[in-house]
Amino acid sequence: MPIVAYLISKGQNVDITDHNGYTPLMLSAHKVIGREPTHFLLKFNPSVNAVDIIEKNTALHWAILAGNVNAVDVLLEAGSSLDIKNVKGQRPLDLALQTKNRIIIHILHEEEKIRIRRTSVFLRFLEKNEFLLLFVSSLLLIWTVGYVASLNSDSWLLKGILLMFMLVTLSFFARLFIGFNTMKYFPVTFLISSIFWISWTCFISFLPNFPDITSQLPFFFGTVGLIYYFYKTVRTDPGFITSTEEEIKKNIINLGESGSLNFRTFCTTCLIKKPLRSMHCHACNSCVARYDQHCIWIGRCIGVGNHAYFILFLFFLILLNIWAIHGTIIYWSERCTTTYQKDGAWMSFTQIVSCSPWVLYVFMLVLFHTSWAALWLILQIYQIAFLGLTSHERTTLWKQSKYSKHPISLRKTPYNLGFFQNIADFFQCRCFGILKPNVIDWTKQYTLMLNLAKDRHIHPV
Ligand SMILES: [Zn+2]
Ligand SMILES: [Zn+2]
């Protein structure tokens with residue numbers, strides 16, 4: 001692949017054909033099973049619908065003939081036509097039916113459905129607003145469970161049947177109108193919906209139990225901080241590394257001629273030289289500078305640009321949840337007639353359930369979000385302050401140490417500059433001139449600065 005990149009950068013035509021009219025894309029789709037190098041060639045904008053001279057097959061036809069599922073997938077993503085017929089009058093789907101490859105038949109059927117949907121104005125409108133639909137579905141899902149549990153009936157069987165019915169209806173609606181690509185954002189919408197119902201319950205049920213403004217303040221402070229830092233984490237560029245086509249070609253030629261065009265230094269998807277500490281995220285389809293993780297709760301990458309906002313988002317999420325736990329305990333002590341000391345654990349639990357099932361349900365949501373956020377925040381603080389590493393670097397080093405004969409210390413890396421310096425660098429804070437943060441542009445950092453490294457014998461991760 002690096003050689004292909006080098007040749008194309010030097011001006012070689014990506015659509016050049018052999019004497020049978022086969023383009024490189026047709027050959028890769030037919031001869032090499034897997035996503036690469038077809039996906040790689042598509043980066044150079046080849047003609048996806050070109051046909052060969054003899055069979056009149058497109059690259060998609062050839063991928064189907066070879067049973068190359070991954071190549072079929074990337075070719076469809078690149079917009080390969082489903083209507084071009086070969087010399088025998090076969091469209092790609094006809095060929096798939098002939099080869100009896102069930103996965104490819106399924107993929108082509110699904111793609112055909114998506115393309116038909118795009119021709120309808122109403123369905124196109126729904127597709128554009130799929131995220132909103134998913135968010136509304138999550139709001140309804142969380143509300144439905146709490147509402148059914150709170151119904152004024154002693155029959156849990158009836159409640160169970162009703163809940164099942166409502167969940168099946170919701171999932172049917174979601175499957176009908178929300179595509180698979182949007183469904184991956186379900187954790188994000190689940191988190192936002194949870195925060196909405198938690199804040200709603202705090203506002204309606206808990207806030208009146210707090211008599212003065214000082215005890216109410218953490219709720220408002222937590223909610224505003226949470227919304228602000230969630231927004232900042234999502235909207236701030238995590239450090240996506242972008243290059244123009246000219247820059248990419250120049251880079252490939254330089255790397256090729258210096259003999260360093262290899263997978264350690266070169267990203268075959270973005271076609272760029274990888275900066276130090278960067279990593280390619282397949283979900284975001286981009287290299288991210290000082291990559292930490294692709295966070296399912298945020299729905300995008302955490303990198304150098306939004307890492308500090310992410311930490312503050314976790315902090316405010318925990319703050320709001322701790323206030324909600326405090327509010328729940330006060331609510332129970334004022335509304336429920338029994339106590340743990342007086343009637344024992346089981347009696348007080350049944351009282352809590354019958355007193356307000358909704359509050360118990362929201363309390364469980366609060367506990368769930370508090371547990372993962374607290375664990376995550378502790379781990380993040382430990383990595384940042386004590387190790388000077390990102391989550392990706394820590395797990396990579398940990399895996400390396402498992403297979404290495406010599407123990408690898410997570411503390412002895414070039415990025416660990418001591419507790420205070422690590423904090424100063426991460427948050428870029430001077431603390432009234434006490435600290436001096438290093439200003440490094442991780443989107444353009446390709447070599448380790450030796451004055452930063454404490455132990456110069458250790459290679460960067
Ligand atoms: Zn990349
Ligand atoms: Zn990502």
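Reply: Start with residues 55-87. Their end C-alpha atoms lie 5 Å apart, and the span is 48% helix and 0% strand. UniProt places the feature "repeat: ANK" on these residues, in an unreviewed entry. Such positions follow the numbering used here, feature names are shortened, and annotations may be inferred rather than shown by experiment. The model is predicted: local features need pLDDT of at least 70, side-chain atom pairs count only at pLDDT 80 or more, and totals for chains, interfaces and linings use all residues. Residues are numbered from 1 along each chain as its sequence is written, while chains are lettered from A and ligands numbered from 1 in the order in which they are written.

Me: What makes a stretch a helix or a strand, and how many of each does the secondary structure of the chain come to?
Reply: Both are DSSP runs, numbered from the N terminus: helices are H or I with at least four residues, strands are E with at least two. The chain comes to 19 helices and six strands. Its C-alpha trace spans about 90 × 60 × 45 Å along the principal axes.

Me: Why is Lys56 called partly exposed?
Reply: A residue is buried with 20 or more other C-beta atoms within 10 Å of its own, exposed with 12 or fewer, and partly exposed in between; C-beta atoms are placed from the backbone. Lys56 has 16, so it is partly exposed. Lys56 sits in the loop between helix H3 (38-42) and helix H4 (59-65). Its phi is positive, about 60°, although Lys56 is not a glycine.

Me: Why does Gln428 count as exposed?
Reply: Gln428 has 11 other C-beta atoms within 10 Å, so it is exposed. Gln428 lies in the segment after helix H19 (419-427). It has a positive phi of about 50° and is not a glycine either.

Me: Why is Leu217 called exposed?
Reply: Leu217 has 12 C-beta neighbours inside 10 Å, so it counts as exposed. This residue is in helix H13. Leu217 and Ile192 are 25 residues apart along the chain, and their C-alpha atoms are separated by 21 Å.

Me: Which class does Ser81 fall into, and what does Ser81 touch?
Reply: Ser81 has 15 other C-beta atoms within 10 Å, so it is partly exposed. Ser81 belongs to the loop between helix H5 (69-77) and helix H6 (92-99). Contact means that the C-beta atoms of two residues, placed from the backbone, lie within 7 Å. Leaving out residues up to four places away in sequence, Ser81 touches Asn49 and Thr58. From Ser81 to Arg91 is 10 residues in sequence and 9.2 Å in space, C-alpha to C-alpha.

Me: Which residues of H5 are buried, and what covers them?
Reply: Ala71, Val72, Val74, Leu75 and Leu76 are the buried residues of H5. Their cover includes helix H2 (24-31), H3, H4 and helix H7 (102-117). Just after H5, Gly79 takes a positive phi of about 95°.

Me: Which residues does the annotation "transmembrane region" cover?
Reply: The unreviewed UniProt entry gives residues 131-150, 156-178, 185-207, 213-231, 308-332 and 358-379. Residues 156-178 are 96% helix and 0% strand, with end C-alpha atoms 31 Å apart. Residues 185-207 are 91% helix and 0% strand, with their ends also 31 Å apart.

Me: What makes the crossing of H15 and H17 left-handed?
Reply: In a left-handed crossing the near helix is turned anticlockwise from the far one by less than a right angle; clockwise is right-handed. H15 passes H17 in the left-handed way. The contact includes Ile311 and Phe315 of H15, and Val359 and Phe363 of H17.
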